[in-house]
Amino acid sequence: MDALPPPLEPEQLRQWVGRAPRRMEDVAALTPARLMAATVDDTPRALQPGDALPPLWHWLYFLEGLPRAQLGPDGHPARGGFLPPVPLPNRMWAGGRVQWLAPLPLGAALVRLSSVQSVEVKQGRSGPLVFVTVLHALQADGQPCLREEHDIVFKGRSLPAAAATPELPAAVLREPWTPDSTQLFRYSALTFNGHRIHYDADYCRSVEGYDAPVVHGPLIATRLAGLAQRCLGAPLTRFEYRARQPVTLGHGLELVAAAQDGDGLALWAAIDEGAGVAMQARAWAAP
């Protein structure tokens, strides 16, 4: 029988809110971007120094290369450092909101200030959930260029359940996509993501309850953001996304865009065989 986790102490977890921001520096190097193009683009683009980084590709930078001794059993950095020590075993990238203030050019010197914005404890169908929102503020060559709120959810081990399919508008563009193990490996390597759910099938089944390795939420979001920028024909100014349910290897996805009443574009990633929606998003671009 699995050992019971320590009790949740919401007030203790909220002590991480308001701590001094963590500062990291990097350079928007060309090589990771070119490798990313080979990973996510059906026809890799010829990127050059000075080109604006495609939407959400800033996740290639500010990578935290901790030694193995400082990792948790799931392959992520152990909790209690930058993130609060949530005593729940499973961690997921739940969604976020990104605002572009200026282009992020390849070759630029980057600075990121990060802080825990909120910690919320909720009760889900399968047990307690802890939502942690992290705020990132990026500068490129000394100029503010991006503001991001990143939502992380911690939960207990439970078998993934299909979410109800939301009411969706009429599609204007559909792109089929079948992720494979090579693409997941490359994306994990490019983002230095050691989370074992993306490559360790035995761990997926025996520890976190998935039937196969899980497709990265940020990889799905990146594909949706790229589709949005192509549809809108201009650089994105805002992008909001929410993961609705995990999708594992062996399933195909259909990336869908639809015109939205008013401004913006509605997007979603539909799982094959009517298995529901993996992620929903909305995007806006400058007029």
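This is a predicted model: local features need pLDDT of at least 70, side-chain atom pairs count only at pLDDT 80 or more; totals for chains, interfaces and linings use all residues.
The account begins with strand β8, which comprises residues 253-259. This strand is mostly covered, since five of its seven residues are buried. Strand β6, residues 173-177, runs antiparallel to β8, and five bridges join the two. Within this pairing, Trp177 stands opposite Leu253 of β8. Strand β9, residues 265-271, is likewise antiparallel to β8, and seven bridges join this pair. Here Glu254 stands opposite Ala270, the latter belonging to β9.

For α3 and helix α5, the latter spanning residues 217-232, the angle is about 100° and the axes are 10 Å apart. Angles of 65 to 115 degrees count as roughly perpendicular, and α3 and α5 are therefore roughly perpendicular to each other. On the α3 side, the residues that meet α5 are Gln183, Leu184 and Tyr187. Their counterparts in α5 are Pro218, Leu219, Thr222 and Arg223. By class, the residues of this contact divide into four nonpolar, two polar and one charged.

Is Asp200 buried or exposed? Its relative accessibility is 18%. Buried means under 20% relative accessible area, so Asp200 counts as buried. The side chain of Asp200 reaches two backbone nitrogens: that of Asp202 at 3.3 Å and that of Tyr203 at 3.0 Å.

A further loop residue is Ala52, located between α2 (residues 30-40) and β2 (residues 90-100). With a relative accessible area of 45%, Ala52 is partly exposed, whereas Asp200 is buried. Which residues does Ala52 touch, leaving aside those up to four places away in sequence? They are Pro103, Leu104 and Pro105. The position of Ala52 can also be related to that of Ala108: the two are 56 residues apart in sequence, and their C-alpha atoms are 9.9 Å apart in space.

Technical notes: Residues are numbered from 1 along each chain as its sequence is written. Side-chain values use heavy atoms; hydrogens and water are left out. Buried means under 20% relative accessible area, exposed over 50%, partly exposed in between (1.4 Å probe, protein chains only). A polar contact is a pair of N or O atoms within 3.5 Å; within protein, one must be able to donate a hydrogen and the other to accept it, and residues adjacent in sequence count only if both atoms are side-chain atoms. Helices (H or I, at least four residues) and strands (E, at least two) are DSSP runs, numbered from the N terminus. Contact means heavy atoms within 4.5 Å. Axes are lines fitted to C-alpha atoms, for helices over the stretch in contact, and angles run from 0 to 180 degrees between N-to-C directions. Angles under 35 degrees count as roughly parallel, over 145 as roughly antiparallel, 65 to 115 as roughly perpendicular and the rest as oblique. Ala, Val, Leu, Ile, Met, Phe, Trp, Tyr, Cys and Pro count as nonpolar, Asp, Glu, Lys and Arg as charged, and the others, Gly among them, as polar. Two strands pair if DSSP finds at least two bridges between them.
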